[in-house]
Amino acid sequence: MADWMIGPRLCNCYKCGNMVCRHDDIISKIFQASHGRAFLFTHVQNVVDGPEEDRQLITGVHTLTDVYCSDCGELLGWRYIKAYEEL
Ligand SMILES: [Zn+2]
């Protein structure tokens, strides 16, 4: 199962109100991304993925995809694909 990290604006799309996750699904609120706090979810819904890319976060290099609202296309956060061990 993939973990999901969504920016601090959710659980609804702030633009159109599309529900993309439930508070029950938040498994961590303390993950630190490069530009601030993120939420870690077990799953989300009603979203579409952007292309995968590697990003340097303070916890190391992670493969992420941007996550967009499936209704209005607003950028909501990102999905964590996998992490590389720091060498
Ligand atoms: Zn939306």
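Modeller: What follows is a short exchange on this structure, which is a predicted model.

Colleague: Which secondary structure elements does the protein contain, helices or strands, and in what order do they run?

Modeller: The secondary structure of the protein comes to 0 helices and 6 strands. Read from the N terminus on, the order of the elements is therefore β-β-β-β-β-β.

Colleague: Which residues coordinate the zinc ion?

Modeller: In sequence the donor residues are spaced C-x2-C-x52-C-x2-C. Each donor residue contributes its SG atom, at 2.2 to 2.4 Å from the zinc ion, and the residues are C13, C16, C69 and C72.

Colleague: What is the arrangement of the 4 donor atoms around the zinc ion?

Modeller: Four donors count as tetrahedral if all angles lie between 85 and 135 degrees. Here the 4 donor atoms subtend angles of 103 to 115 degrees, which makes the arrangement tetrahedral.

Colleague: How many residues apart in sequence are the parts that C16 and C69 tie together?

Modeller: C16 lies in the loop between β1 (4–6) and β2 (26–33), whereas C69 belongs to strand β5 (residues 60–69). Because both coordinate the zinc ion, the pair ties together parts whose separation in sequence is 53 residues.

Terms used: Residues numbered from 1 in each chain as written. Predicted model: local features only at pLDDT ≥ 70, side-chain atom pairs only at ≥ 80, totals over all residues. Heavy atoms only, no water. Donors = N, O, S within 2.8 Å, 3.2 Å for Na, K, Ca; no water. Tetrahedral: all angles 85-135°; square planar, octahedral: opposite > 155°, others 65-115°. Helix = DSSP H or I, 4+ residues; strand = E, 2+ residues; numbered from the N terminus.
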